[in-house]
Amino acid sequence: MPGPIADTSSVTQQCKRCKENEGSYILRGDAHCRDCFDYYIRSKCVKRMESYKIRPDDNKQIPTFLLPISFGISSTALLYLINAQLQGQRQKVTRTRYELKILHVDETVLDPSSQLADHLVKVQERFPEAGDFISAKLEDIYNFPDEIEGLGEGGDSNTESMRAQLSALPSPTSREDMAGIIRMRLIVAIAKREGCGGILWGDTTTRLADKVMAEAAKGRGFSLPWQISDLKSPYGLTFLHPLRDVFKKELVIYVSEITEPPVLPLCIAYSSQPKHSAAAATSGRNITVGELLTQYFENMEIQYPSTVMNVVRMGDKLKPTNPEAAPCKICGLPVNGGGNGLTLGAEDDGEAPSMLCYGCVRATHGATQQAWPMS
């Protein structure tokens, strides 16, 4: 884990990379000075972006990417790094290899106490030349009726309709799961509307490992190739993860102590304390599968970073079995047989709905039939 060396007054370590400055931070087991720490993080992102070979198309049109930002550590750090890369390209060749659009999805419908809605203006002031900034609400998914067939119409109040649909789900884990699906579908819909060819996700190594286990636990293991790999998704857009070679703890140090001025004040969605502590939870119902695994891997990366990387490598080896299969009515990913034959009690004969994938069958099992599709 990166962090200040405990006792620099008695033990001075030289930077492993430049061998000139004092190594004030431990990064991947080696002492690094501030400048070399900065170079390490930047180079990880830049090399990954260069590996994507982003170039103008046959009509010499510069590709456009959407960057969803949650005001957390990872997505905000990615915006900082991508903005720096674009600035460097403008200085060298007066034009960039790609254009950027930044999207924030307001999720006040999930947490009315959230104070994130107006923060996008401050981020835009910090990065005025990064690209176009877009704001949307989670319930705006109802404005894209062709995006999620199984979601239905919003009614007189999209906000109330969204709350009613999520409240109809049987558990906190299923509500978290379906909110994530809706967020994904909304981001994809806006990316298509804005003419973007791909999406730059801010997922770190830590977050990708978390996804491997969480999605498998929720019955969505079939979706992992599109969730964690850099490839074209069934939605018709390319999904890329430029921070896949960086740990979250490294980014926490980076935005707190390395960036100038510090980016941390912009990361208002970040908290060093988990929303729900697994140890303090009075009941297993108080913490979702996603929260539990996020805590697990954020602790794991401190002492066993190689294990976290191995989980991601394992997930990267997974390949879709039938990418041409009909899409699920909710998540939009190939059903590949769906939940047929799985006994979740969805139907009297023991067969689950054929037009829903197993993950969506599990998430909506036990929900009121009027709110979510059962077939």
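Buried means under 20% relative accessible area, exposed means over 50%, and partly exposed is in between (1.4 Å probe, protein chains only). This is a predicted model, where local features need pLDDT of at least 70 and side-chain atom pairs count only at pLDDT 80 or more, while totals for chains, interfaces and linings use all residues. Residues are numbered from 1 along each chain as its sequence is written, and side-chain values use heavy atoms, with hydrogens and water left out.

**Exercise 1.** Find out which parts arginine 28 and glutamate 250 tie together.

Step 1: Start with the bond itself. Arginine 28 and glutamate 250 form a salt bridge, with 2.5 Å between the closest N and O atoms. (A salt bridge is a side-chain nitrogen of Lys or Arg within 4 Å of a carboxyl oxygen of Asp or Glu.)

Step 2: Arginine 28 sits in the loop between strand 1 (25-27) and strand 2 (30-32), and glutamate 250 is in helix 8 (residues 248-258), so the pair ties together parts 222 residues apart in sequence. (Helices, H or I with at least four residues, and strands, E with at least two, are DSSP runs numbered from the N terminus.)

Step 3: Check the surroundings. Glutamate 250 is buried at 2% relative accessibility, whereas arginine 28, at 33%, is partly exposed.

**Exercise 2.** Work out where glutamine 89 sits and what touches it.

Step 1: Look in helix 2 (residues 73-93), where glutamine 89 is found.

Step 2: Glutamine 89 has a relative accessible area of 13%, so it's buried.

Step 3: Skip its neighbours within four places in sequence, and glutamine 89 is in contact (heavy atoms within 4.5 Å) with Thr94, Arg95, Thr96, Arg97 and Tyr98.

**Exercise 3.** Which residues of helix 4 are buried, and what do they pack against?

Step 1: In helix 4 (residues 158-167), the buried ones are Ser161, Met162, Gln165 and Leu166.

Step 2: They cover an arc of only 125° around the axis (taken from the directions from the helix axis to the C-beta atoms), so they lie on the same side of helix 4.

Step 3: Those buried residues pack against helix 5.
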